[in-house]
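Trainee: Could you walk me through reading a model with two copies of a chain? I'd like to look at aromatic rings too.

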Number of protein chains: 2
Amino acid sequence: MTADTATRRYRRACDYLAASMIYLRDNIMLRDPLKPEHIKPRLLGHWGTCPGITYVYAGLNGLVTRTGQRTLLVTGPGHGAPAVHANLWMEGTHALLDSSLSLDENGMTELVKRFSWPGGFPSHLSPHVPGVIHEGGELGYALPTAVGAALDDPELLVACVIGDGEAETGATAAAWHANKFLNSRTDGRVLPILHLNGYKISSPTVYGTMSDEELISYFLGAGWSPTIVDTRTAADPDLDLAEALDQALAVARPMLIVRSPKGWGLPSHDAHGTPLAGTFHAHQVPLEGVTEDPAQLAVLEAWLRSYRPQELFDENGRPFDDLLSLLPPDKLRMGRVPQANGGTVRRELPLPPLAGHRVDAAEPGSNDASANEALAGWLAELFGTTEDRRDFRIFCPDELESNKLGAVLDVTDRAFTWPVNGYAEHVSPDGRVVEVLSEHLCQGFLQGYLLTGRHGLFPCYEAFASIVDSMVNQYAKFLKMSAEVPWRAPVASLNYLLTSEGWRQEHNGYSHQGPGFINNILTRKASVARVYLPPDANTLLHTARHCLAGTGQINLIVAGKQEYPQWLDFDAAEAHCRAGAGVWEWAADDDRPEVVLASAGTVPTVEALAAVSLLRRHTPDLRIRMVNVVDLLSLAPPDRHPHGLASDAFTRCFGTDVPVVFAFHGYPSAVHETLHGRDTPQRFHVHGYHEEGTTTTPFDLLVANSMSRYDLAADAVRRAWDSKDTSAATALIDERDTLLRSARDNSVDPPEITEWRWNP
Amino acid sequence: MTADTATRRYRRACDYLAASMIYLRDNIMLRDPLKPEHIKPRLLGHWGTCPGITYVYAGLNGLVTRTGQRTLLVTGPGHGAPAVHANLWMEGTHALLDSSLSLDENGMTELVKRFSWPGGFPSHLSPHVPGVIHEGGELGYALPTAVGAALDDPELLVACVIGDGEAETGATAAAWHANKFLNSRTDGRVLPILHLNGYKISSPTVYGTMSDEELISYFLGAGWSPTIVDTRTAADPDLDLAEALDQALAVARPMLIVRSPKGWGLPSHDAHGTPLAGTFHAHQVPLEGVTEDPAQLAVLEAWLRSYRPQELFDENGRPFDDLLSLLPPDKLRMGRVPQANGGTVRRELPLPPLAGHRVDAAEPGSNDASANEALAGWLAELFGTTEDRRDFRIFCPDELESNKLGAVLDVTDRAFTWPVNGYAEHVSPDGRVVEVLSEHLCQGFLQGYLLTGRHGLFPCYEAFASIVDSMVNQYAKFLKMSAEVPWRAPVASLNYLLTSEGWRQEHNGYSHQGPGFINNILTRKASVARVYLPPDANTLLHTARHCLAGTGQINLIVAGKQEYPQWLDFDAAEAHCRAGAGVWEWAADDDRPEVVLASAGTVPTVEALAAVSLLRRHTPDLRIRMVNVVDLLSLAPPDRHPHGLASDAFTRCFGTDVPVVFAFHGYPSAVHETLHGRDTPQRFHVHGYHEEGTTTTPFDLLVANSMSRYDLAADAVRRAWDSKDTSAATALIDERDTLLRSARDNSVDPPEITEWRWNP
């Protein structure tokens with residue numbers, strides 16, 4: 001046993017505080033014998049990982065003190081919040097933001113009581129905790145988040161604790177290769193610290209059972225320089241860690257593997273013989289029944305007293321100076337790193353003017369263009385205006401060119417730092433496009449990048465955005481909570497551009513057809529969630545500009561990459577985007593409509609307008625109004641979503657009792673649920689994707705889902721004239737079937753479908 | 001250059017067929033000069049990966065022939081379908097299932113034309129393709145699927161091709177550790193074949209740029225015995241592969257790393273100087289504009305003729321005998337492995353009787369029990385009845401004990417084969433519970449297990465099921481297509497048990513509160529999707545039994561692990577489950593109700609019944625009916641879902657014009673969208689999860705989301721008596737707030753909430 005170093009005493013103080021947070025509501029300094037009334041009524045917290053987190057935190061404090069290296073800590077085991085709180089209290093960051101958390105017995109008592117208490121600190125890390133950009137409740141995203149935080153911030157070190165539970169997740173496993181995207185010249189450094197305590201909730205972990213040789217081999221192969229620090233065999237674990245950290249700063253891609261006993265510091269057994277320290281029983285609240293069971297209470301008291309708090313805190317509850325002397329200079333304390341409150345360092349993006357990228361739409365439907373190509377020109381300019389600042393990036397799963405956004409590669413490259421021994425285009429270490437075939441990594445990188453004050457865009461094949469459903473759910477929670485924290489400044493919005501949409505995945509087939517990400521975003525909090533379906537290039541430009549200028553939200557933009565007819569000129573597009581939805585008078589606007597045709601999305605809008613054309617020919621007497629919805633949530637009642645159209649605007653679009661035939665890009669359920677709360681939702685007849693698809697022609701795919709112009713027109717006739725003559729509907733379907741046969745026989749859609757012009 | 005071996009000729013034949021599938025509609029044997037009219041109008045396919053897949057397929061054919069080892073092939077790059085089709089045609093499996101795909105020129109022409117043609121074969125692998133249990137359109141799941149297929153099938157070798165694009169995904173990266181769950185005694189073997197051709201759609205791949213040393217180190221560390229086969233430097237690549245495969249069968253955890261040029265066999269450049277072979281330009285359809293551009297057509301013709309089809313097929317289009325002589329014996333040909341059509345080898349599960357596990361509910365609400373604990377007893381028995389058959393498993397992300405299903409560990413163990421040098425409970429190589437902290441792996445393993453004819457259950461924390469949203473979407477597509485393939489026999493249903501539900505994640509907090517997986521399942525095809533919310537133990541038992549006995553569906557069961565009041569006795573529970581929804585007459589059943597109180601889910605049902613109790617006291621005159629919904633899709637109109645209640649049954653529950661106050665477990669939107677198509681959906685007022693949460697008390701969480709008994713009762717009064725006296729509603733809310741204050745102050749819910757008894 002080595003001498004009782006200050007670092008060891010510092011850790012004892014933090015461990016004591018963390019254990020107290022889990023158990024105590026009173027008698028925090030243990031001045032009195034421990035009694036049941038000192039115990040919280042509900043014991044909520046996770047002890048197992050806490051001592052290891054403090055071990056790392058203390059080690060990093062030492063590194064920062066010795067080197068002056070600004071360091072951001074991302075703590076993967078977010079349930080180890082007590083350890084982080086303890087360190088934040090010790091370093092005075094808690095007191096800085098909240099004077100009731102002062103560095104004395106009152107502050108200590110408040111800290112301990114507030115943990116896992118109604119209205120207090122949640123049991124996991126959360127935006128309420130300074131220095132935190134990662135919640136960690138859903139495991140897997142710490143390392144990708146840390147990498148995103150390091151991008152384009154060359155002075156920063158991002159240390160990232162990864163538990164051996166988290167290491168089993170896919171997102172983390174993929175992220176070990178993120179070093180191949182980090183550029184030592186323009187990016188900060190990432191220091192992964194794999195913390196192996198051997199156990200998950202109740203069983204051994206995969207990485208915990210790997211031998212040292214296996215671990216070294218694995219991480220060397222992944223491109224890291226791994227060092228193992230084993231607290232169980234070290235003479236002085238803090239010294240070993242300090243040496244390993246110092247060496248880490250001297251190598252190219254350092255990583256540490258820390259082995260420590262789960263629940264390090266616990267008694268070996270509880271009062272009834274259940275093994276504790278070094279087993280999975282240490283995972284959560286190790287001692288059960290302490291209020292009812294005097295024997296367990298005695299074990300708890302002995303355990304808590306083993307930290308000898310009176311040697312760590314003076315009689316006022318202030319940590320002794322030798323402990324405080326270990327802390328880095330004020331501004332370098334990890335809870336105060338400005339990047340962890342990214343909104344405070346975020347600068348407005350220098351968004352170029354849109355007008356130079358406008359697309360001709362003087363005559364609706366007369367010009368074909370790819371909306372994404374128009375956007376790509378503007379994004380390329382944005383890469384130019386941010387060239388020196390380097391605070392805008394695109395993250396994309398290898399689909400930039402496929403999504404017709406390749407023009408940005410005229411201005412920047414794909415970032416990649418591993419040697420490419422072969423043919424490549426637009427690949428360099430300095431690039432600001434990150435293409436990796438992992439939606440998880442794209443999402444995690446972008447989250448880390450945004451939360452540290454930068455800006456970004458995530459273009460994605462529509463069908464595969466659902467891969468990050470759960471990540472965006474958790475991120476939306478983080479944003480919602482962040483808005484409730486007064487000292488958190490808003491970060492730039494997270495922007496998705498979903499493209500290669502299912503309606504034009506006729507070639508890749510059924511697996512590539514899936515618009516469900518819309519539904520997922522709709523379940524998010526109304527303050528956070530936005531869904532836009534710009535029908536053409538000019539509306540996409542205005543939508544993208546709005547989203548990239550915004551903060552605090554998750555913007556889902558669904559747009560087309562193919563060439564489609566253009567409908568709105570530049571100014572009309574802006575007005576339409578501002579309104580969210582509106583009547584397209586130039587297409588149809590009967591003041592006493594018998595049916596409203598509505599659309600949302602690129603392909604549905606083409607089909608809906610084509611349906612209007614067909615109806616002009618087949619049923620010239622039918623009184624029609626044509627509505628387009630660019631902001632899906634404009635359909636929601638205004639008391640359910642801030643973008644919901646006011647009642648009069650809604651009525652101007654959809655009337656009050658007329659049937660609405662709605663051509664919708666996604667699953668019909670997304671419209672159904674959004675309309676809930678409007679007066680007569682049952683008059684909305686939504687055509688959308690019904691999970692019918694394969695490799696076929698685009699027209700075939702539309703017909704299979706009752707979304708073709710003929711299906712829409714026929715439905716409009718039937719809905720409007722259900723008691724009158726609907727023979728026109730039959731004629732329309734016959735026409736459809738004739739065209740379909742030719743489409744199928746020749747594997748090509750008829751010219752009147754593919755080269756359709758707006759011609760009412 | 002070595003002699004032109006038979007294997008090389010075999011590959012030439014397959015490569016020729018695959019290239020033809022992508023380009024040709026006629027002149028398949030190239031008897032005539034190639035003309036534009038021989039070219040398909042839409043060129044849809046992916047050439048880049050095809051030659052490598054055939055290289056592996058041919059190598060495996062050799063291995064099977066030499067050893068008689070029954071081998072199932074899982075092909076991760078599902079867009080390489082042309083290669084698999086070519087091999088299936090060569091081995092006569094196509095002809096066996098469809099005589100129009102005979103081994104002659106007619107059959108060859110039909111095969112080539114049918115690929116990527118409306119009504120023909122999709123451009124990706126799909127259930128239409130024999131031997132296939134994995135689609136591969138959404139990358140990442142090949143290796144977990146292969147592992148699942150190998151479990152409990154000790155005679156089987158599952159070879160799994162993983163492209164270097166796919167290798168970048170999280171699911172695949174995590175799956176490299178799946179070897180730690182494979183037992184050499186009771187499981188089959190998995191042979192991963194990492195196929196590195198260096199490029200994704202348009203950029204280099206991570207694994208493709210890793211050096212041989214890095215790759216070997218990485219995979220050794222992960223526990224494999226890797227061998228690199230580099231076709232670019234091999235004197236005879238087929239010989240090298242054969243040797244590597246022979247050696248693979250002799251080591252414990254073999255894996256192969258195959259390096260081959262992308263688009264292997266293509267010309268080096270197209271007619272206009274774009275590099276092709278060995279670059280990303282080979283990814284999809286390498287030669288653009290072949291119908292309009294004679295120079296490109298000439299390159300295509302020269303490329304196709306370079307395979308010299310006349311040397312490979314006789315004048316009738318039949319492959320020469322030396323090629324066919326390479327094929328394994330009929331029954332061992334990979335397209336015919338029975339496990340790949342799992343429904344044909346599936347046996348009915350020996351489900352134990354439920355009755356022994358029934359929970360006392362003679363008096364509704366008088367007995368508390370954990371539904372999951374009751375289920376665990378039955379599942380433990382099921383592990384007993386399947387002990388010798390080994391065709392039932394549980395896959396769970398380390399939450400079995402936490403979810404109160406630990407009783408199964410009395411009968412079986414957690415499977416784990418790496419040395420556990422430390423304390424552990426219920427861990428052994430022979431276990432049939434797989435606990436790995438990766439929902440992706442659990443899902444992938446289970447898919448592979450089910451698709452090869454076995455049975456399983458996936459218990460999961462509710463909030464984290466969304467991690468596999470996209471996987472279940474793809475699996476649902478696979479099931480939907482499988483049902484359209486006449487020779488596919490149905491496999492056992494995929495069963496989720498979502499538990500640790502958000503309403504009782506007051507301790508873990510906001511990140512653990514998220515019922516969105518329900519919404520995701522609702523977007524699936526009605527023929528596949530089922531959602532059950534059994535409110536107590538006996539209903540859970542009957543639901544679970546129904547789901548485990550079923551085939552072809554995805555069953556989502558949401559149940560509680562905590563102790564809750566029990567409502568229905570064993571027989572009543574069965575009747576209720578069969579009905580899907582029904583009036584609980586014993587609680588309230590006025591024949592002229594002013595309001596219907598409805599519930600779905602464990603906690604909402606407790607609260608709704610408590611609301612009825614409150615209303616009896618506060619508003620004895622209010623005429624109430626109480627309805628419980630166990631099958632969520634019983635709410636859907638019967639023309640939209642087969643479980644939708646007929647109109648009269650729906651009216652019996654909900655009347656026709658009475659307000660319905662609906663206490664729902666998940667997001668209200670799930671009910672709103674399900675109700676669409678019913679006559680008056682706007683009279684349903686759904687209380688559910690509104691994304692309000694933190695670490696607090698259960699009652700606080702309910703109130704934050706307007707789901708407490710007081711909120712439900714007050715809403716019922718207001719909806720029923722909106723033009724009458726609603727002062728009772730105010731009194732109820734006052735009572736709620738008083739209780740809430742005491743809950744928050746003491747961090748514990750008042751006894752009348754926590755120990756509530758049904759007492760109308």
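Mentor: Copies are superposed by least squares on the C-alpha atoms of residues with pLDDT of at least 70 in both. Keep in mind that this is a predicted model, where local features need pLDDT of at least 70, side-chain atom pairs count only at pLDDT 80 or more, and totals for chains, interfaces and linings use all residues. Residues are numbered from 1 along each chain as its sequence is written, chains are lettered from A in the order in which they are written, and side-chain values use heavy atoms, leaving out hydrogens and water.

Trainee: What rotation superposes chain B on chain A?

Mentor: In general, two copies of a chain are related by a rotation about an axis and a shift along it. Here the rotation is 180° with 0.0 Å of shift along its axis, and the RMSD is 0.0 Å. The two copies are thus related as by a two-fold rotation axis.

Trainee: And how are the rings of Trp176(B) and Trp224(B) arranged?

Mentor: A pair of aromatic rings is described by the distance of the centres and the angle of the planes. Rings of Phe, Tyr and Trp (its six-membered ring) pair if their centres lie within 6.5 Å; planes under 30 degrees apart are stacked, over 60 edge-to-face, and the rest tilted. That rule gives 65 aromatic pairs over all chains. For Trp176(B) and Trp224(B), the centres are 6.3 Å apart and the planes at 85°, so they're edge-to-face.

Trainee: Are those two buried or exposed?

Mentor: Both Trp176(B) and Trp224(B) are buried, with buried meaning under 20% relative accessible area, exposed over 50% and partly exposed in between (1.4 Å probe, protein chains only).
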